[in-house]
Amino acid sequence: MKIRNSLILLLLLLVTAILAVGPGSAAAKGLKPGNVTFYVSEIEVKGATDGIPAPKTDPTTLSKGYGFTPPGKYDPAKPNKWQVSTYMFNPAAMAVNQGDTVTLRIFVVNGDKHINWVEAPDGTVAVKEHISNRGREYIITFKAKQAGYYTLRCDHHDPTMRAIIFSVPSS
Ligand SMILES: [Cu+2]
């Protein structure tokens, strides 16, 4: 009986803890809008192998931003070697509170050119389009007036190169 009561108490504590930190909780609602800064890298992840046979992937059918270099085209000296690659933002998911002033300090690690902008939850432009080049840091700021998903986008590698900034509703 003691063990059962202890388990019930533990369960109640767990539920209370989950409710206390959840996005719709009083704790989240009590937060005042502030300034939030994220450091975001623009990176390319790639990998090549001749250790396994290449799939029959047609690179022209892949989503833009995904790359597949088939055997023979990757390295003529190694006819079985092939490569896959993708461009991405890191981190690709962030969270802020509605009303926060959001600063993204974006560093371009890979890719000579990206075309970046931020889309608001209602589809309007939160930050205008600008070209980003490798080796430079770009600082953009916007106020998360709306609740929902802001999207950091790259038109050059869309739709695969996107990052979500979730604006948690203030009420
Ligand atoms: Cu890009």
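Ala 95 is found in strand β4, which spans residues 93–97; helices (H or I, at least four residues) and strands (E, at least two) are DSSP runs, numbered from the N terminus. The model is a predicted one, in which local features need pLDDT of at least 70 and side-chain atom pairs count only at pLDDT 80 or more, whereas totals for chains, interfaces and linings use all residues. Residues are numbered from 1 along each chain as its sequence is written.

Ala 95 counts as partly exposed because it has 13 C-beta neighbours inside 10 Å; a residue is buried if 20 or more other C-beta atoms lie within 10 Å of its own, exposed if 12 or fewer, and partly exposed in between, with C-beta atoms placed from the backbone. Leaving aside neighbours within four places in sequence, Ala 95 is in contact with Phe 166 and Val 168, where contact means that the C-beta atoms of two residues, placed from the backbone, lie within 7 Å. Ala 95 and Ile 164 are 69 residues apart in sequence, and their C-alpha atoms are 8.1 Å apart in space.

The largest nonpolar core has 16 residues, of which Leu 152 and Ile 165 touch the most other members. The elements giving two or more residues to this core are β3 (82–90), β5 (101–108), β9 (148–154) and β10 (162–168). Such a core is a set of buried Ala, Val, Leu, Ile, Met, Phe, Trp, Tyr and Cys residues joined through C-beta atoms within 7 Å. Not counting residues up to four places away in sequence, Leu 152 touches Phe 89, Leu 104, Asn 116, Val 118, Arg 162, Ala 163 and Ile 165.

An open sheet is formed by 5 strands in the order β2-β3-β1-β5-β8, with mixed pairing; two strands pair if DSSP finds at least two bridges between them. Because β2 (66–69) and β8 (137–143) stand at the edges with a single partner strand each, one side of each is left without a neighbour in the sheet. Within the sheet, β1 (residues 35–49) pairs with β3 in the antiparallel sense over 9 bridges, and Ile 43 has Met 88 in β3 as its bridge partner.

Taken as a whole, the chain has 2 helices and 10 strands, and from the N terminus on its elements run α-α-β-β-β-β-β-β-β-β-β-β. Buried residues make up 16% of its 171 residues. Among contacts between residues at least 6 apart in sequence, 68% join residues at least 24 apart.
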